[in-house]
Amino acid sequence: MFTIFIFCSSINVFDWLQNHLIACPFKTLTGIDCPGCGFQRSLIALMQGDLSKSWSLYPPTIPLLFLFISAGLLYRLKIKQHSLIFKILVIAVGNFVMLSYIHKMFFS
């Protein structure tokens with residue numbers, strides 16, 4: 001019922017999401033950004049259609065979304081080499097996340 005109220009009311013959904021972000025437990029405890037910090041804000045910017053803002057907030061958002069969608073499709077479609085394809089995608093996206101994190105920590 002509450003969900004229906006939010007989406008049917010005149011409240012801007014994106015403003016509501018930005019005001020109710022989940023705090024990063026790692027950053028809360030240590031004060032250091034984790035490799036996933038910025039994903040929520042980047043996803044909201046992407047949903048609003050602002051690709052450049054999304055990329056500047058957290059570059060791995062689009063590759064991660066591609067990985068999630070691909071995982072769902074590989075699971076649903078019975079492809080022979082689905083585990084190999086999935087492993088390659090996970091390794092590629094994981095490396096992209098870590099390279100982005102290293103760049104953010106040392107060069108930004």
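Buried residues are those with under 20% relative accessible area, exposed residues have over 50%, and partly exposed residues fall in between (1.4 Å probe, protein chains only). The model is predicted, so local features require pLDDT of at least 70 and side-chain atom pairs count only at pLDDT 80 or more, while totals for chains, interfaces and linings use all residues. Residues are numbered from 1 along each chain as its sequence is written, and side-chain values use heavy atoms, without hydrogens or water.

The protein contains seven helices and zero strands. Helices (H or I, at least four residues) and strands (E, at least two) are DSSP runs, numbered from the N terminus. The order of elements is α-α-α-α-α-α-α. Of the 108 residues, 19% are buried. Contacts are defined by heavy atoms within 4.5 Å. Among contacts between residues at least 6 apart in sequence, 40% join residues at least 24 apart.

In soluble globular proteins, nonpolar side chains tend to be buried together. A nonpolar core is a set of buried Ala, Val, Leu, Ile, Met, Phe, Trp, Tyr and Cys residues joined through side-chain atoms within 4.5 Å. The largest such core here has six residues: Tyr58, Leu64, Leu67, Leu89, Val93 and Val97. H7 gives the most, with three residues.

Apart from neighbours within four places in sequence, Tyr58 contacts Pro35, Gly36, Cys37, Gly38, Phe39, Ser42, Leu64 and Val97. Ser42 belongs to helix H4. Its relative accessibility is 0%, so Ser42 counts as buried. Residues up to four places away aside, Ser42 touches Ser54, Leu57, Tyr58 and Thr61.

No disulfide (a pair of cysteine sulfur atoms within 2.5 Å) is found; a search of the whole structure returns zero. The sulfur of Cys34 has its closest cysteine sulfur in Cys24, 3.5 Å away, which is too far for a bond. Cys37 is likewise in no disulfide, with the sulfur of Cys34 as its nearest cysteine sulfur at 3.5 Å. Cys34 is buried, at 15% relative accessible area. Cys37 is buried too, at 11%.

Two salt bridges are present in the whole structure. A salt bridge places a side-chain nitrogen of Lys or Arg within 4 Å of a carboxyl oxygen of Asp or Glu. Lys27 pairs with Asp33, with closest N and O atoms 2.8 Å apart. Lys104 also pairs with Asp33, at 3.4 Å from N to O. Lys104 lies in helix H7 and Asp33 in the loop between H3 and H4, so this pair ties together parts 71 residues apart in sequence.

The protein exposes about 8,100 Å², of which carbon and sulfur atoms supply 71%. Accessible areas come from the Shrake-Rupley method with a 1.4 Å probe; for residues, only the protein chains shown count as cover. Phe26, Ile32, Leu99, Ile102, Met105, Phe106 and Phe107 form a nonpolar surface patch with about 760 Å² of accessible area together. Patches are made of residues with over 30% relative accessible area and no salt bridge; like charges are joined within 9 Å, and nonpolar side chains (Val, Leu, Ile, Met, Phe, Trp, Tyr) within 5 Å. H7 gives the most to the nonpolar patch, with five residues. Ile32 lies in the loop between helix H3 (25-30) and helix H4 (39-47). At 40% relative accessibility, Ile32 is partly exposed.
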